[in-house]
Structures are given as C-alpha cells and as structure tokens.
Amino acid sequence: MAVEEPGQDPSSPQDARLDSLEERLARAQHEEAKRTGRAPAADANEQLGNRVLSTLIGGLVGGTLIGWLLDRVFGTGHVLLIVFMVLGTIGGFWSIIKISSRGPGASGPS
C-alpha cells in the first residue's frame, strides 16, 4: 500500500475493506482460542511488567515476613522488621535493575 498522499480520502472503500478484514480476523482468532480452550498469549511487554511487579512485591513482602518472624523469635521489637523490609525492598529493586539491563530479548533467571 502506498504512503498516504495529501489528497487521499481516509474513508475510501479500500480502507473499509481492510477494517472489515481485520474485524473478521480478530473474530476468527477469538473463536479459535475459545474452541481450543487457549487464551491469547500475553505480549512480551505485559509479561515483563508482571515480572517486575512480582519481583518488587516479593522482595518487600518476603523481607517483611522474615523480619517479623525474627522479631518474634528474638523479641527485638520491630527493629528487624524494619531492617529486613528495607533490605527486601533494596533486593527487589536490585533484581529489577538486573532484569532491565538484560535487554528485551533475554528471558529466564540469571
């Protein structure tokens, strides 16, 4: 298809046919996914975002839980809770930095 020229009408019949084709293709893909029982796969950006979010939350919650448990065992008030919460958050951010430095094509833990 040629690049849009200044005098080209955006509502031309060719554009309508392409829109109709895209709608039918999306409908067919949806019906095929429903028929086979498979949901459409998430794109790479969504997967990376979910991984970053779970890494950050996991570090924060994991550090907090470990600190709380150690506080209960040693009876140190809330000192270890705060220390491990901060360490868990730093660890989560450190993991996110490692994930982002690998680049978009890399996958899996390292």
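From the N terminus on, the elements of the protein run α-α-α, and the secondary structure comes to 3 helices and 0 strands, where helices (H or I, at least four residues) and strands (E, at least two) are DSSP runs numbered from the N terminus. This is a predicted model, in which local features need pLDDT of at least 70 and side-chain atom pairs count only at pLDDT 80 or more, while totals for chains, interfaces and linings use all residues. Residues are numbered from 1 along each chain as its sequence is written, and side-chain values use heavy atoms, with hydrogens and water left out.

**Burial and surface**
- Of the 110 residues of the protein, 11% count as buried, a term that means under 20% relative accessible area with a 1.4 Å probe, protein chains only.
- The protein exposes about 8900 Å², of which carbon and sulfur atoms supply 64%, as computed by the Shrake-Rupley method with a 1.4 Å probe.

**Contacts along the chain**
- Among contacts (heavy atoms within 4.5 Å) between residues at least 6 apart in sequence, 42% join residues at least 24 apart.

**Helix α3**
- The 24 residues of α3 should span 34 Å at 1.5 Å a residue, and the end C-alpha atoms are 35 Å apart, which agrees; the expected span is 1.5 Å times one less than the number of residues.
- Leu-80, Leu-81, Gly-88, Gly-92, Ile-96 and Ile-99 are buried in α3, and the buried residues of this helix pack against α2 (44-74).

**Gly-92**
- Gly-92 lies in helix α3 (residues 79-102) and is buried, with a relative accessible area of 2%.
- The C-alpha atoms of Gly-92 and Gly-62 are separated by 9.8 Å, although these residues are 30 residues apart along the chain.

Note on methods:
Buried means under 20% relative accessible area, exposed over 50%, partly exposed in between (1.4 Å probe, protein chains only).
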